[in-house]
Amino acid sequence: MATVTELTNELVASYARVGGINHLDGKNLPSKRAITAITLDLLRLLFPGFFDEKLIHSSEIRVETAALLDAVLGKLEDEVRKSLEYSPPETLAKKDITKTAQAITAEFLGKLPQVREILQTDVEAAFNGDPAAAGREEILVSYPFIEAIAVQRLAHELYLKNVALIPRIMTEWAHFRTGMDLHPGAKIGSHFFVDHCTGTVVGETAIIGNHVKMYHGVTLGARSTAGGQQLRGKKRHPTIEDHVTIYPGATILGGETVIGANSTIGGNVFIMDSVAPNSLVLYDGLDMRVLSKADKKKAMDFQI
């Protein structure tokens with residue numbers, strides 16, 4: 001039986017031999033564990049009383065909020081500094097990293113009231129869009145969608161500030177918890193709701209308008225990633241305009257693909273071309289059809 005020394009020698013040798021998955025002697029990366037804890041605290045700040053173990057009385061809210069904000073400020077500032085040290089903007093001098101991390105963190109936390117306002121529209125969309133919802137409290141404490149979209153909206157603010165690693169750590173943590181993969185780069189409008197949540201994927205350059213409702217298993221993806229890193233920064237994912245509903249299992253691909261406003265995308269369709277506003281896209285098991293909603297009555301086999 002191998003000794004601990006022999007096992008250690010073999011593993012350390014693999015660190016030299018298979019170096020692509022090591023991070024030794026480099027910059028100190030943001031901590032996944034710390035980012036997870038910070039994200040949970042941010043959810044507590046966004047939804048006071050819903051992510052806490054104890055009831056918060058309104059008379060205590062100012063003191064509780066100040067204490068939690070102070071803790072988050074210090075911890076997040078440290079992680080943002082690590083991010084900037086790992087991948088600093090070209091114009092950022094090394095001596096300015098600490099001050100920049102302080103400024104980014106303060107600006108980010110200053111966005112929390114704005115994030116809360118748009119999240120309230122998501123809660124309303126979930127309540128109005130799901131007859132099974134017993135109340136807004138049930139949505140907030142039990143729907144995985146709310147956690148996923150809240151984390152994405154937070155991470156998006158850091159993404160816009162070119163903070164490396166942290167936004168993706170946040171959304172992948174939410175992905176693990178909820179089954180919903182929302183890239184922090186995606187631009188998502190107000191009154192967004194994904195019913196059931198599981199298996200939904202929204203890519204980095206996707207743009208989603210206001211009052212969009214989606215179901216489980218929807219993919220807003222790229223046509224191809226064969227170009228690899230040469231595609232970085234290019235529009236690869238579709239645009240979904242306002243008041244669109246996308247049913248389960250639909251796959252919509254391509255950066256130039258636009259789903260026009262007020263359209264309905266049926267389940268299990270595969271789309272790589274733009275769809276005009278006010279369209280119905282149907283799949284009957286053999287063929288995909290695109291109809292104008294003005295012709296809806298002619299589609300007697302389709303009721304919605």
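Which helix and strands each supply at least two residues of the lining of the largest pocket?

## Basis of the model

This is a predicted model, in which local features need pLDDT of at least 70 and side-chain atom pairs count only at pLDDT 80 or more, while totals for chains, interfaces and linings use all residues. Residues are numbered from 1 along each chain as its sequence is written, and side-chain values use heavy atoms, with hydrogens and water left out.

## The largest pocket

Helix 8 (166-178), strand 4 (201-202) and strand 7 (219-221) each contribute at least two lining residues, where helices (H or I, at least four residues) and strands (E, at least two) are DSSP runs numbered from the N terminus. A pocket here is an open set of points on a 1 Å grid over the protein atoms alone, where a 1.4 Å probe fits, with protein on both sides within 12 Å along at least five of seven lines, and lining residues have an atom within 4 Å of a point.

The lining comprises 28 residues, and R168, H183, E204, R232 and R236 are those nearest the pocket centre.

## Asp181

D181 belongs to strand 1 (residues 181-182). It is buried (under 20% relative accessible area, 1.4 Å probe, protein chains only) yet has no salt bridge, the nearest side chain of opposite charge being R168, 5.4 Å away; a salt bridge requires a side-chain nitrogen of Lys or Arg within 4 Å of a carboxyl oxygen of Asp or Glu. Leaving aside residues up to four places away in sequence, D181 touches E172, H175, T200, V201 and V202, contact meaning heavy atoms within 4.5 Å.

Technical notes. Buried means under 20% relative accessible area, exposed over 50%, partly exposed in between (1.4 Å probe, protein chains only). Lys and Arg count as positive and Asp and Glu as negative; His and the chain ends are not counted.
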